[in-house]
Amino acid sequence: MDSWASVGGLTDVAGLRVGHARLHGERALSGTTVVLAPEGGAVAAVDVRGGGPGTRETDALDPSNLVDRIDAVVLTGGSAYGLEAAGGVMAWLEERDRGVRVGPAPGQVVPVVPAACVFDLGRGGDWRARPDAATGRAAVEAAAATEPYAPVECGNVGAGTGAVAGGLRGGIGTAGTVLAGSGVTVAALVVVNAVGSPFDPSTGVLYGAYGDPVFAADGAPGRPAHPAPDVHAAALLRLAQARERSRTPLMNTTLVVVGTDAKLTRAEARKVAGAAHDGIARAIRPAHLLNDGDTVFALATGARPLARGREPLALNPVLAAAGEVVARSIVRAVLAAESLSGPGGDFPSYRGLYGTLPGLRGT
């Protein structure tokens, strides 16, 4: 497990569990990640802003529709083919009598499992290597087997196995925070697979590290480490060469699950999902393009009521934190990724290009 797996993340929200599964095979480079809600489910919403999304059951999350709670969210590789992974998660939930009850007998339920996919077809060299129902079942079983608050493995795992961002190797990242005063936890898990770049081409600094004291340089909050000019020039040249050698189309997507233990309505959860997109735009530039499918899910477990009666703007700190933890999750995903060169393309990692910069430490 990568050292970045020990940082706070989505499983800081009590009851949420995360499991990964990947395809096996020499030329397979894809997988699935499942976020499993606690028994009884979680209030859920979605906000889609990319121009090329691949999703399933997102209409069910509209606040005007019937479904009140969901039991799992599936994030998967394989483009639209990979959405089949949600079927394996549905079957696992059905066997445990979890879902929308449609009859009195045990098992007479219909699990509502929203899902979204990233484009990673052919990145391992085999265009037909993509997740299916068995991959989804393996991921949800992995999630169910974890202990409460278990650290989330980051990097090139699950849906981030074949992820690429701006020519760099992408992956899974996660981060969380606890709001002062209310004690509400807000956390995110991100699959970074973007058309845009996660780092500033003029400096080499990760966009999401600007202004973030977690990634401060030399003890100076908010001032991330800048690579030496010669290191940065060499990195840009190496990345340009890698892009020329890559053989797969520039079709991408960044996926996010934001979780909180705040008690939210479905409309409020949708507002949180929308605010979380700010974190994508802060850490990846450009974002929300036609060949991205950027999608954010929000899950609220409801353990901590917000003081709406005394403070009508009580949701604001949750909205602000959602963008913050998404940006930080993107940084951690990029730092956890490992370089790969194979039959599907050449994908250097950020740390492979720049080494371990002293200002990029996750504490």
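Author: Contact here means heavy atoms within 4.5 Å. This is a predicted model in which local features need pLDDT of at least 70 and side-chain atom pairs count only at pLDDT 80 or more, while totals for chains, interfaces and linings use all residues. Residues are numbered from 1 along each chain as its sequence is written, and side-chain values use heavy atoms, with hydrogens and water left out.

Reader: Where is T253 found?

Author: T253 is in the loop between α3 (229-245) and β14 (255-262). Helices (H or I, at least four residues) and strands (E, at least two) are DSSP runs, numbered from the N terminus.

Reader: Is T253 buried or exposed?

Author: T253 is buried, at a relative accessible area of 2%; buried means under 20%, exposed over 50%, and partly exposed in between (1.4 Å probe, protein chains only).

Reader: And what does T253 touch?

Author: Leaving aside residues up to four places away in sequence, T253 touches G52, C117, V118, V191, N193, A194, D292, G293 and D294. With G293, the side chain of T253 reaches the backbone nitrogen at 2.7 Å.

Reader: Turning to α2, which residues are buried there?

Author: They are T135, G136, A139, V140 and A143. Down the axis of α2, the buried residues fall within an arc of 130 degrees, so they line one face of the helix. The arc is that of the directions from the helix axis to the C-beta atoms.

Reader: What do those residues pack against?

Author: The buried residues of α2 pack against β1 (17-22), β2 (31-36) and α1 (85-95).

Reader: What caps the N-terminal end of α2?

Author: D132 does, with a side-chain oxygen 3.1 Å from the backbone nitrogen of A134.

Definitions and conventions. Polar contact = N/O pair within 3.5 Å; in protein donor to acceptor, adjacent residues only side chain to side chain.
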